[in-house]
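Hello,

Here is the structure I promised to pass on. Please have a look at it, and then read on for what came out of the analysis.

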Amino acid sequence: MNFAISGTVPKGADGKVDVQFLANDPAILAHDADMKLGLVADASIYNLVELSCELGLSRSTPVASLLLAGYRRWGPGLPQKLDGDFALAIWDSAARTLFCARDRFGVRPLCYRELGDRLVFSSDPQFLPQLPPGGSDLEEWAIADFLVGRVIEGNSRWKAISTLPPGHSLTYRNGSTEVRQYVNLEIAAECDAREAPERFAQLFRNSIRKRTRQADKLGCLLSGGLDSTSIACVTRDHLASHTLLATYSMTFADGGANDDKPFIDVALRNGGFRPTVIERESYAPLDGLNAMLEEQGGPFLAPNLIAIKPLVERAADDGIAVLLDGHGGDEVVSHGFGRLDELAAAGRWMSLAKECGPIARDYGKARHELVGAVARRTHGRSARLIYKAVGSKKKLRGSEKCRAPMPGWPSKDLIENTRLDERLRQSPPFPSGATEPQQHCAQLKAPLQPYAFEVLARFYRGRGIGSRFPFWDKELVSFCLSLPSIAKLEGGQTRVVLRRAMKGTVPQPILQRRGKMDFTAQLKDGMVAHHSSYIKHILHSDALEPYVDLEAARAAFALMQGSGENNSANVQAVWRVVALGAWVEMRRSITKRAAA
């Protein structure tokens, strides 16, 4: 389960050093026998048996005791020995040293702040002491990044607070803080594509076994998509002789073209599940927004969390302790779109056009548009000649990115103050000319990944439930990075290795499913039907004037109301503007009450 942890360590004091560790579960708060080492951790460690054997300890040794014994043996090398999700802190009273570490993917968050004569740390900024009333303020650049729907910076969003990056450790001694990277995500040697499905299936099943070995009262989110259904079916088969797997799904009265309900029904049809399906006739996406903003400490890039909140709360009411979550399946497996760049770089234009056809249809575009975008990205000025050589009769247009307004409509002052244009240019999704493995690796290293885990940790902890993410397994991630692009994208079908690995386990209609429900229609319809008055209030409030081009935001919302505009980028951008406005107003109210 995900817990909140925190601690306070003074700067190099003489004599007795009073170190305070706090956790909301005694199982992850411990000292060794002679009180020289103290530990606080939010951790799910999956190689406990191997650790106990290597340390010569009983298999029944508590997790905290194993971690302390590991630190005595390996010191700062402990994190490299751990397979799991963790944020931990160890105080060595003899050396007067605090050692902290965060797991390689950042599944469990850890942040810290230096306060005069001491360092404070926590798994959540809101638990850090001596913050202003209502929590810490957001950095201005974080507001700009939020409005455009990007996470550009890798540090903390909150002022005066630092976030420990994934795969890093922190050593604090005598008032000095040193942060080091103990592991780096690297591209492994390329494997044989023919053997990939069998090996993927083996690693995926092993990941789920590790994450269900210690989990009492286990449940699984089931959307009917490829990721969640793969997790649910493999877990069901693993638990077959023990119990039915509790699953939690949500459907909408009007699911649209990518309605999940038929696929959820197909997934449940073979049995082995104890399903809960919440059917929603009407969705009010801003209900409870202020509570979520308070829980998250500010606006957050995950409007769909409000939609699935009733699911997680139902699971908690049912006594579920841990939910398996398919988050990250797209990123870990990869759609394989880098293969398009590889084909263009190799001059295989007919193969590129063939691959682009089905993909373009999936995204509601014409094939020539996608071919043109890839040619422009890989060949620059030569793109027009190549485009004609492929046989397209359509004119290759200039980059739409240059002409389109910036999403989220940040104000001119905010753009200038935060150097937003410059930072966006300097932070491309991947390096120019990158191969599929390089693009894949860049995506997994992007600051969005740890940011998402920080949001999810607060969300699940706020519902009183734990979360585990089977796709984020170190062996599985390493294997996926070793795959050639044709194992991910072939014949216009994405994520090929997962589809082939789950053949015979996941129902065929789901293996063949190309799209997924993205809640855009539900988000737009719900905002217009239930929250129009409130949104107009926010869009005419002076709270947003320093941050947003309100005229552009009002025009976008009017379009959503009048013509039924369903453009995903605009709908999401309007939600972000409203979330920011709600948070600013909430902060103003808290500040006024504190001053009264």
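A word on handedness to begin with: a crossing is called left-handed if the near helix is turned anticlockwise from the far one by less than a right angle, and right-handed if clockwise. Helices are DSSP runs (H or I, at least four residues), numbered from the N terminus. This is a predicted model, with local features needing pLDDT of at least 70 and side-chain atom pairs counting only at pLDDT 80 or more, while totals for chains, interfaces and linings use all residues. Residues are numbered from 1 along each chain as its sequence is written, and side-chain values use heavy atoms, leaving out hydrogens and water.

Helix 24 (residues 550–562) passes helix 25 in a left-handed crossing. Their axes, which are lines fitted to C-alpha atoms over the stretch in contact, come within 10 Å and cross at roughly 125 degrees, on a scale from 0 to 180 degrees between N-to-C directions. That angle makes helix 24 oblique to helix 25 (under 35 degrees is roughly parallel, over 145 roughly antiparallel, 65 to 115 roughly perpendicular and the rest oblique). In contact (heavy atoms within 4.5 Å) are Ala 553, Ala 556, Phe 557 and Met 560 of helix 24 with Val 571, Val 574 and Val 577 of helix 25. By class, this contact has seven nonpolar, no polar and no charged residues (Ala, Val, Leu, Ile, Met, Phe, Trp, Tyr, Cys and Pro are nonpolar, Asp, Glu, Lys and Arg charged, and the others, Gly among them, polar).

Helix 23 (residues 520–539) also meets helix 25: the axes come within 11 Å and cross at roughly 40 degrees. Helix 23 is therefore oblique to helix 25, and the crossing is left-handed. Among the residues in contact are Leu 523 and Met 527 of helix 23 and Val 571, Val 574 and Val 577 of helix 25. The class count here is twelve nonpolar, five polar and two charged.

Elsewhere, helix 11 (residues 338–345) passes helix 18 in a right-handed crossing, with axes within 8 Å at roughly 150 degrees. Gly 338, Arg 339, Asp 341 and Glu 342 of helix 11 touch Glu 436, Pro 437 and Gln 439 of helix 18. These residues divide into one nonpolar, two polar and four charged.

Note on methods: Helix = DSSP H or I, 4+ residues; strand = E, 2+ residues; numbered from the N terminus.
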